[in-house]
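Student: I am new to this structure. Please take a close look at one part of it and describe what surrounds that part.

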Amino acid sequence: MSESLLTVRVARVKVEAQDIYSYELVDPAGAPLPPFSAGAHIDVRIPGTSFTRQYSLCSPSSERNHYMIAVLNDPNSRGGSRAMHERVYEGSTLDICVPRNHFPLHPEATGNLLLAGGIGITPMLCMAHALHDEGRAFAMHYCARSRERAAFLTQLDQAPFADRVQCHFDDGAPAQQLDIEALLSAADAGVHLYVCGPKGFMDAVLAAARKLGWAEERLHYEFFAADVDATGAALEVKLARSGQVITVPPEQSVADALIEAGVDLTVSCRQGVCGTCLVRVLEGEPDHRDLYLSPAEQARNDQFTPCCSRAKSRMLVLDL
């Protein structure tokens, strides 16, 4: 097994809310697990399937004896969450990657605003523990369809930072529902925003922040699912280091064409949300279809995600 992969045992499976299970993962021999920072995720290879899925670590980063993830059994998913719920039990073993963090806390923020929608509570729970332990200012707002569908409510009620958490339920009284623009308008200039949850929720929060003039460097977010089409017009990709030109047919993604041609390219989510396959673009104009790069980063056209993005120009020259 690669040094970047670990085998862990599922020590506990717990129902956290309607359609949400948590999974406590431990080293089979009882050894400490590799360290991670708040906002990190792991890739999980789901037994008996070809699926690899990304899940945020929601346990405190100070705890090395286990990792905790939570999984929503989403009827609209591509099958990974359903497989986790149906195939993974206490005592199961899983192959996972070592934690990676594309969603870290900003070290110089004078305040931190954590906005979670549904299952997006998972990285926020870890962030809240880290911010509390470090004595840093923060507030969390947790939005869910109903109390029954909100995970970790007991943990939040009993947490030492419980007074900094507000919950908002779609089926609750209008007075308790979140006014995103009012919340963001009241934030000081040194506050950074962190948002995770369903795409519609994240789009609404980020659109409101940009409308109010929040600078991109104050906006932090991570998508874990996207409905993306990686097909399109045929194009050519040139590898700058060798001069090799690879034709990408309409029905194939750029990443798959590169891998088929023998290029050493690591791909994980295949939806443009994790950034694993990010490649530098030296010439040409990408057709960005990812949710990983910010609008400003996409506008620079100096990198793209070949798992889902294509090209507006006839050819892309890549730093490969």
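Tutor: The side chain of His192 comes to 3.4 Å from the backbone oxygen of Glu217, in a model that is predicted, where local features need pLDDT of at least 70, side-chain atom pairs count only at pLDDT 80 or more, and totals for chains, interfaces and linings use all residues. Residues are numbered from 1 along each chain as its sequence is written, and side-chain values use heavy atoms, with hydrogens and water left out.

His192 belongs to strand E10, residues 191-196 (strands, E, are DSSP runs of at least two residues and helices, H or I, of at least four, numbered from the N terminus). His192 counts as buried because its relative accessibility is 8% (buried means under 20% relative accessible area, exposed over 50%, partly exposed in between, with a 1.4 Å probe and protein chains only). Leaving aside neighbours within four places in sequence, the residues in contact with His192 include His106, Trp214, Glu217 and His220 (contact means heavy atoms within 4.5 Å).

Cys196 is also buried, at 5% relative accessibility. The structure holds zero disulfides (a disulfide is a pair of cysteine sulfur atoms within 2.5 Å). For Cys196, the nearest cysteine sulfur is that of Cys58, 11 Å away.

Glu216 and Arg210 meet through their side chains in a salt bridge, 2.6 Å from N to O (a side-chain nitrogen of Lys or Arg within 4 Å of a carboxyl oxygen of Asp or Glu). Glu216 is partly exposed at 25%, and Arg210 is partly exposed at 31%.

Definitions and conventions: Polar contact = N/O pair within 3.5 Å; in protein donor to acceptor, adjacent residues only side chain to side chain.
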